[in-house]
Amino acid sequence: MSRGEPSMRVLIAGSGTWGTALAHVARQAGADVTIHCRSRERAEQLARGQHGLLPDSSLGAGFEVSVAGEGAIEPTDVVISAVPTQMLRSYLAGPGADLPRDAFWVSASKGLERETLLLPTGILSQCGVSEDPAVISGPSHAAEVLEDLPTAVVIAHPDEQRTRLIQEVLGTATFRIYRSFDRVGVEWAGALKNVVALGCGIAIGRGFGDNTVAALVTRGTAEISRLGSVLGGDRETFSGLAGIGDLVVTCFSGHSRNRGVGFRLGSGEKVGSVLESMEQVAEGVPTCQAVHELCARKKIDMPIA
């Protein structure tokens, strides 16, 4: 923000690790940030500069927080939604019912709603968000963002003024944001890469080698591009940060929850027991089911998915 201008008011919907990381960079960029929490316990952690799922991360000074159902929501310019896709609809109908639908929204969620096959922006629109939301995506593990390790992501929206606004709100020396007009492609890339990451994890869990994983990533890129372009995305998008960039980090990093779930499945565990043991959400599992159904409807060949 320029000197002398009032700070942008940013509300982070969702107090998980990714929402907290986005609050961190927004605060560094000079925004006035509040994290909207479902539970008082999480709110109290964040107010102290702590997070139960990030025990090794230093969050610095405590964050401003609001708790669902406790007091009115302050006016805000931008709402960044970091709620897991499968929980987003119920969140907006329940804990997030009072969030301002007339603010400018940015979707930071990745996935496909199992029942409706909707992307997060479609869910936001159905739940009353009045303006078309933007999408932020790319290779960006929350723990590394919180450590201020160099990270590059994409903000996508048809209106260039909107993408420039988010660059100002979230961009820092170590969190670089590129602009894109291809919201459709960026959002599909973020959803589909988790499916390929599951497959890579399964391969590693079965004891297969680097050749196998490289083949899955390469052919997975082709499948993502094939489906995403049919659904309205630009093929070039799938070769950029939101596509191959996010796919590589998700398939090869030990931070990746979806790769980790795949590894446990490949090692012989049952999917139900794996998911029940997790504190965080692996979007790839329900998204895999939704993508399989979507490919059958569209008659698109995606053997990995």
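Analyst: Let's start with a term: a contact means heavy atoms within 4.5 Å. With that, residues 24 or more positions apart account for 71% of the chain's contacts with a separation of 6 or more. Before going on: this is a predicted model, where local features need pLDDT of at least 70, side-chain atom pairs count only at pLDDT 80 or more, and totals for chains, interfaces and linings use all residues. Residues are numbered from 1 along each chain as its sequence is written, and side-chain values use heavy atoms, with hydrogens and water left out.

User: Why is Ser-109 called buried?

Analyst: Buried means under 20% relative accessible area (1.4 Å probe, protein chains only). Ser-109 has 8%, so Ser-109 is buried. Across the chain, buried residues make up 52% of the 305 residues.

User: What does Ser-109 touch, not counting residues up to four places away in sequence?

Analyst: Ser-81, Ala-82, Val-83, Thr-85 and Pro-120. As for Val-83, its backbone oxygen lies 2.5 Å from a polar atom of the Ser-109 side chain. A polar contact is a pair of N or O atoms within 3.5 Å, one able to donate a hydrogen and the other to accept it.

User: How do you know the radius of gyration agrees with a compact globule?

Analyst: The radius is taken over C-alpha atoms, and the globule rule is 2.2 Å times the number of residues to the power 0.38. For 305 residues that rule gives a value near 19 Å, and the chain has 19 Å, so the two agree. The C-alpha atoms fill a box of roughly 55 × 40 × 35 Å along the principal axes.

How values were computed. Buried < 20%, exposed > 50% of the residue type's maximum accessible area, 1.4 Å probe, protein only.
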